[in-house]
Amino acid sequence: MRITLCQGVLTGAIILNLLILYYVSRAQQQMMEKRKEHGRATRKAALPASALGGGIAGLLGPRGEPGLAGVSNNNRSPRVTVLLREFENFENYVGDVANSFLRQRPELPFLVVADTPPYPPLELPDGCRMLVLSPSPDQPPQAHRPEFHVQTDFVLLVPDGVELEPSRAIERLIKELEGEGGGPVRLVASPVLARSAVQCLHLRVNLREWTATYSTAASGSSGSVCTALHGDAVVLIRTEDLFNLSVPLGRPLFPSLFIQTTLRGWKVKLLESPCFSANHRPLFSSAHNQWKADTRLKESTGKLMRSFGLKRLLLPDGKEQWHGCSKETPRCFGTVKDDTPDYLYLDRWTPPCCLRALRETTKYVINILESSGVRYWLEGGTLLGAVRHQDIIPWDYDVDLGIYLEDVPNCDHLKNLDSGSLVDANGYVWERAVEGDFYRVQYSEANHLHVDLWPFYPRNGVMTKDTWTEHKQDMEFPEHFLQPLVPMPFAGINAYGPNNHRAFLELKFGEGVVENPQYPNPAKKRLDRAKL
């Protein structure tokens, strides 16, 4: 059979392509092997022998087997790294803590972790290493990542000022944690002998409602199992668990740690003994330094909660901490598009600080309307919230009130708004809305959470107005719904609403609206009924 010129060229091209694919595959395989070797070398380089008990060789036995708890000799290596995270640069006992542990257990790797290089510099003993988390342009990325610096099975988190006593306390903690197997207890803690006892707490974290709730937990005879701790304690955790957290070494350490472990269903066991001593108590020698420490704690707590998306903390004593918006700050969400606030796309509801501001503004506005003789009623979704919850709908972002247009001249805050806005003596901003012929009362000049006032007037028995929005509930309705207006509970007060709530709402939203909650624009984001 004769081979034509075209067939020969095609055959040659096929053979050439096969050769190219073969050599490209070989080159890729060699590159992958080089990257693996480079990664192993880099990981070893991140752990110099002088820093962590002899580097990799000091962490594994001659055959690479793990050592026994806290035991180190020619054949065995330590199983725990001591890590000190919480301390203040201006006054601390970090060097004393490291000396206390290394005097009795010199084989233990001791790691001090700071966000930035401490000033003044810390005086650390041999065997203790400093890790700075903030990256430096002249260092490789692994130099600032703590998981590259811990090669043991466990991490012992110790507070500033603590001392190792007795020396076998670490083994007790490891034994307790290993005894829990793969159950929910993933951390074991031991109290530090200080002025105030360590408190075992139950913690519930509701990310959808931006809230964390602490409550007191009962103690047991062999220790307490709970989800959070308050006070000074030494905590043992598996290294794998610690570095599987999104923010393993956030500050403040305990709130950061326990919020994340609670969301994973993990628990902490607080033992009654052994106890670690703390001769350096109180930590700070002057009231000024104590004030500085308290101020920094407040700042770091606020920063942590904002990064975790927690706006409200309910404490065991019934007090509240707020980390969201206020009158002095902008609101927690931006301009709303398609009736769907950004937080709904995050599977969250209205931040509690925003709901609080809306309630305050609503009560304030209603009080002024009632004292001025302006007839009003709960409108639209606000009425729906009053019927369902006696409150604002948990995912709503404003409040709507209808008013009689003829009553507007009765209210000093409304009657002159054609000439501009009014900031009243309490910081609320009254204005004519730029979107249409209605009024708006904002929480403050900085925070634009608001109550909208919709002026209607009767015409042939029908309540109407001159301008309309694209909202489907913005429509005419019979005046008999307002004759008479009836009181109903809303947001902690009695407000006025239409006399037939269900009929009014079904006219505006459709049949069954009271029993079938949904987000304002289901085409953009639907409500997961399973989460109600």
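Eight strands make up an open sheet in this predicted model, in the order β3-β2-β1-β4-β10-β5-β11-β8 and with mixed pairing. Strands here, like helices, are DSSP runs numbered from the N terminus (E, at least two residues, for strands; H or I, at least four, for helices), and two strands pair if DSSP finds at least two bridges between them. The edges are held by β3 (128–132) and β8 (224–226), each of which pairs on one side only. From one strand to the next, the twist averages 25 degrees. Axes are lines fitted to C-alpha atoms, for helices over the stretch in contact, and angles run from 0 to 180 degrees between N-to-C directions.

Within this sheet, β5 (residues 185–191) and β10 (residues 233–238) pair in the antiparallel sense over five bridges. Val188 has Leu236 of β10 as its bridge partner. Helix α4 (residues 169–179) packs on the sheet and touches β1 (80–84), β4 (154–158), β5, β10 and β11 (267–270), its direction making about 150 degrees with that of β5. Helix α6 (residues 253–263) also packs on the sheet, touching β4, β5, β10 and β11, and its direction makes about 40 degrees with that of β10. Contact means heavy atoms within 4.5 Å.

A word on conventions. Residues are numbered from 1 along each chain as its sequence is written, and side-chain values use heavy atoms, with hydrogens and water left out. As the model is a predicted one, local features need pLDDT of at least 70 and side-chain atom pairs count only at pLDDT 80 or more, while totals for chains, interfaces and linings use all residues.

I turn to another open sheet, in which five strands follow the order β9-β6-β7-β12-β13, again with mixed pairing. At its edges stand β9 (228–230) and β13 (320–322); each has a single partner strand, so one side of each is left without a neighbour in the sheet. Neighbouring strands are turned by 25 degrees against each other on average, direction ignored. Strand β7 (residues 211–216) runs parallel to β12 (residues 312–314), and three bridges join them.

Which residues does Glu320 contact, leaving aside its neighbours within four places in sequence? They are Arg312, Leu313 and Leu314. Glu320 itself lies in the edge strand β13. Its relative accessible area is 37%, so Glu320 is partly exposed; buried means under 20%, exposed over 50%, and partly exposed in between, with a 1.4 Å probe and protein chains only. Thr213 is 107 residues from Glu320 in sequence, yet their C-alpha atoms are 9.4 Å apart.

Next, the second largest pocket. It holds about 1300 Å³ of space, the volume being that filled by probe spheres set on grid points joined across faces, edges and corners. A pocket is an open set of points on a 1 Å grid over the protein atoms alone, where a 1.4 Å probe fits, with protein on both sides within 12 Å along at least five of seven lines; lining residues have an atom within 4 Å of a point. The lining has 43 residues, and Asp339, Tyr397, Asp398, His471 and Gln473 lie nearest the centre. Helix α10 gives the largest share, five residues.

Finally, the chain as a whole: twelve helices and 23 strands, with 47% of its 532 residues counted as buried.
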